[in-house]
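Hello,

Here is the structure I promised to pass on. My notes on its charged side chains follow below.

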Amino acid sequence: MLLLGIPIKLFLNQIKKIQISFLLSLVRKGLLPILSFLVFIICQCPYANCTVEQPAEKQGLVPSNLLKWGGHGAEYVVLVDKSQQKVMLYRSDNLLEPVKVYQCSTGENGGRKSVVNDKKTPEGIYYFINTYTGESLSPVYGSMALPLNYPNIFDMKEGRNGYGIWFHGLNKPLKPNDTSGCIALENRDIEDLASYITLFDTPVIISSGIEMVKEEELEEKTKEIAGIIEGWRDSWQSKDIERYMSFYSRSFQSGSKNWSQVKDYKTRVTKK
């Protein structure tokens, strides 16, 4: 960003130098009350509460998790990169640059959550289902907590259990990998994030690591997946059961039916 042809970061750096020089002169003159007031003003400056910037090597790339995001549905999506201890907020109309990047803390043990008290953060797609603030919230969760719908239907199908996975604030300094499985942020960051989300609508994607790819690569992958889905649809419409069942793993089950039983059932259905 430029300000009258001057890069905004350079401009801010110059302002900071002037502030520091001015403050030192106040200290020498013993003007502590004025100094205290100025420190308060500087701390309220929006630049004092900036979130983490996206690394230069990842700028211009898009998250591979967001394979296709149409014009319908949630306006924002939240990504959690456990390896980087970061929460990234993206808007549907711009996947090249996150709206916000926050530093976070996840479970003290690595890997995907499986059982109660394993102190791991789950991995998958979840939704915010509630908001806790004020007297309804224990001080250890800071100023706000946003519970997730863990375990979701896929977790339960895979036998993963546990409960109480939240995004929440803190009443202590933020440290990496320092929670029992929740995603913790600075109080100011959890409050800022909450202003962008909609309960039961804003998706949260938690991953061991967010892969960043070129936009063209994502488009190619999207076409590949779309081709598979269309092939599956076409095989059913044309009643080609052999081809239709080739889209399913041999370990696939539908209710109590295994792959072979599903194939027999579908074959009978197509004859009616």
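**Salt bridges and surface charge**

Arg91 and Asp93 pair through their side chains in a salt bridge, at 3.4 Å from N to O. The term means a side-chain nitrogen of Lys or Arg within 4 Å of a carboxyl oxygen of Asp or Glu. Asp93 is exposed at 56% relative accessible area, while Arg91 is partly exposed at 32%. Cut-offs: buried is under 20%, exposed is over 50%, partly exposed is in between (1.4 Å probe, protein chains only).

This is a predicted model: local features need pLDDT of at least 70, side-chain atom pairs count only at pLDDT 80 or more, and totals for chains, interfaces and linings use all residues. Residues are numbered from 1 along each chain as its sequence is written, and side-chain values use heavy atoms, with hydrogens and water left out.

The salt-bridge count is 14. Asp178 and Lys172 form one at 3.3 Å, N to O. Asp178 is partly exposed at 31%, and Lys172 is partly exposed at 44%.

Glu224 bridges to Lys221, with the closest N and O atoms 3.8 Å apart. Both lie in helix H5, three residues apart, about one turn of the helix. Helices here are DSSP runs (H or I, at least four residues), numbered from the N terminus. Glu224 is partly exposed at 44%; Lys221 is partly exposed at 40%. Elsewhere, shared partners link Arg112, Asp155, Glu158 and Arg160 into one salt-bridge network.

Helix H5 spans residues 215-237 and also holds Glu217. Glu217 is partly exposed, at 46%.

Best wishes

Key
Helix = DSSP H or I, 4+ residues; strand = E, 2+ residues; numbered from the N terminus.
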